[in-house]
Amino acid sequence: MSESAFQIFVNALLANNFVLAMFLGLCPFLGVSGKLDTAFPMGVATTFVMLVASLCAYGLNLLLTAFHLEFLRLISYIVIIASAVQLVEMVLKKYSPALFRALGIYLPLITTNCAVLGVALFQTARDYSFVQSVVFAVGGGAGFTLALVLMASVRERLTLSNVPDLAQGTALSLMLAGILSLSFMGFAGLGG
Amino acid sequence: MNTAQYKTWDEFTEGIWRQNPVFVMVLGMCPVLAVSVSAVNALSMGLATMFVLVCSCGLVSLLRRMVPKEVRIAVYIVIIATFVTAVDYAIQAISLALYDALGAFIQLIVVNCIILGRAEAHASKNPPLPAMLNAAGMGIGFAVGLFALGAVREILGAGTLFGITLFGASFQPWVIMVLPPGGFFVLGAWLLFFAWLERRKLRRAAPTTEAGQHV
């Protein structure tokens, strides 16, 4: 694997967008995308957790490989992510109580966001170097934020339009996500 | 005795139809959409998830009096991760092709909200047998949902089912259905279908009561 950092970033951001092309992190994508005000901070918080988790996972993987304990990888990754989320929670509570209250229950739920675990697992599976891992995590997080913000903007508009009752709710969100995903397919091949 | 039996049976069927995790609760969407490209993938993913669900719910239920309340989520996650690691290695040993097709999504079963949700909402409050039955029902419901999605996507997107060609040579595959957007569209269409069924049931029930009122 000798992808350049830029290629990895563009790939994670657009061509292989975590939400719209790889189906990671759909729960918050469908759950938090109701309003733009919460969608953006949620995206940023998730990106931060991804970055921390990616850094920790990289270090941990070196340690696990050194001791031949690869079978413990999954368990230790999930514990690391849970601690990273706890850390973010404490920092936010201390320095930005307003944002902490705004995010509410969604903050601890980042632990079960498969996009975060996905970053850690993919970077291990693809043997990324340290720099590549960091770029991958940031790109993936930015892609997640982008998808969340796009979806929230469309859904805010949608509240004003006249939709058949039958399609109201999740079915409509899924159709929207399908159309967004269709447009993101236009980026295929961009990252080389 | 009879009512207890009925209740257990009810807990089992709940996950298959009334509380179907895919179509009613819309939980654990990530693996559902990512893996449902073909019926075989969907079914094996459903079975893998079901195994993890039943085993971890059983263990969580056995340990329910021993685990302190404050750290219960962490304990559940570690239990689930253990079983997922086992399944991960098992699938790798049974079929490498399948393992490659499912990719990281086997390991991502850990963060499937259905499993943690069942462990927290049901298994931590009930004895092992009902907990495992309930988990089995949920697992079957999940597998059925996945299969419904995977079969539709494979038939439309590739013109095959379980790799067997269904249509003549003139069939033009609807490629978009096996690509990511197709997953969203097909699941959306299934949800619409179930909403329509629900609506029809309500409408059938409604006229009789209305007529009763008018008379």
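Student: In which loop does A:His68 lie?

Tutor: In this predicted model, A:His68 lies in the loop between α3 (36-66) and α4 of chain A. The backbone angle to look at there is phi. A:His68 is not a glycine, and its phi is positive, near 55 degrees.

Student: Is A:His68 buried or exposed?

Tutor: To decide, count the other C-beta atoms within 10 Å; a residue with 12 or fewer is exposed. A:His68 has 7, so it is exposed.

Student: What is the phi of A:Asp127, and where does this residue lie?

Tutor: A:Asp127 has a positive phi of about 55 degrees, although it is not a glycine. Its place is the loop between α6 and α7 (130-158) of chain A. With 10 other C-beta atoms within 10 Å, A:Asp127 is exposed.

Student: What elements does chain A have?

Tutor: Count helices and strands, then read them in order. Chain A has eight helices and zero strands, in the pattern α-α-α-α-α-α-α-α.

Student: How does the radius of gyration of chain A agree with that of a compact globule?

Tutor: Compare the value with what the chain length would give. For 192 residues a compact globule would have a radius of gyration near 16 Å, and chain A has 17 Å, which agrees. The C-alpha atoms of chain A fill a box of roughly 60 × 45 × 25 Å along the principal axes. Buried residues are 45% of its 192 residues. Of the contacts in chain A with a separation of 6 or more, 83% are between residues 24 or more positions apart.

Student: How many residues of chain A are in contact with chain B?

Tutor: For an interface, count residues on each side, then ask which elements supply them. Here 31 residues of chain A are in contact with 32 residues of chain B. On the chain A side, the elements giving two or more residues are α2 (26-31), α4 (73-95), α6 (114-125) and α8 (170-184). The largest share, eight residues, comes from α8(A). By type, the chain A side has 25 nonpolar residues, six polar and no charged.

Student: What elements does chain B have?

Tutor: Chain B has eight helices and two strands. From the N terminus on, the order is α-α-α-α-α-α-α-β-β-α. Along its principal axes, the C-alpha trace of chain B spans about 65 × 60 × 30 Å. Of its 215 residues, 43% count as buried. Among contacts in chain B between residues at least 6 apart in sequence, 77% join residues at least 24 apart.

Student: At what angle do α3 and α4 of chain B pack?

Tutor: For a helix pair, give the angle, the distance between axes and the handedness. Helix α3 (residues 39-62) and helix α4 (residues 72-94) of chain B pack at about 145 degrees, with axes 9 Å apart. The crossing of α3(B) and α4(B) is right-handed.

Student: Which residues of α3(B) and α4(B) meet?

Tutor: An α-helix has 3.6 residues a turn, so residues three or four places apart point the same way. On the α3(B) side, the residues include B:Ala48, B:Phe51, B:Val52, B:Cys55 and B:Leu59. Among those they meet in α4(B) are B:Tyr76, B:Ile80, B:Phe83, B:Val87 and B:Ile91. The residues of this contact divide into 13 nonpolar, one polar and no charged.

Student: What should the 31 residues of helix α7 of chain B span?

Tutor: At 1.5 Å a residue they should span 45 Å, and the end C-alpha atoms of α7 (residues 128-158) of chain B are 43 Å apart, which agrees. Because 22 of the 31 residues of α7(B) are buried, the helix is largely enclosed by the rest of the structure. After α7(B) comes B:Gly159, with a positive phi near 75 degrees.

Notes
Residues are numbered from 1 along each chain as its sequence is written. Chains are lettered from A and ligands numbered from 1 in the order in which they are written. This is a predicted model: local features need pLDDT of at least 70, side-chain atom pairs count only at pLDDT 80 or more; totals for chains, interfaces and linings use all residues. Two residues are in contact if their C-beta atoms, placed from the backbone, lie within 7 Å. Helices (H or I, at least four residues) and strands (E, at least two) are DSSP runs, numbered from the N terminus. Ala, Val, Leu, Ile, Met, Phe, Trp, Tyr, Cys and Pro count as nonpolar, Asp, Glu, Lys and Arg as charged, and the others, Gly among them, as polar. The radius of gyration is taken over C-alpha atoms; the globule rule is 2.2 Å times the number of residues to the power 0.38. A residue is buried if 20 or more other C-beta atoms lie within 10 Å of its own, exposed if 12 or fewer, and partly exposed in between; C-beta atoms are placed from the backbone. Axes are lines fitted to C-alpha atoms, for helices over the stretch in contact, and angles run from 0 to 180 degrees between N-to-C directions. A crossing is left-handed if the near helix is turned anticlockwise from the far one by less than a right angle, and right-handed if clockwise. The expected span of a helix is 1.5 Å times one less than its number of residues.
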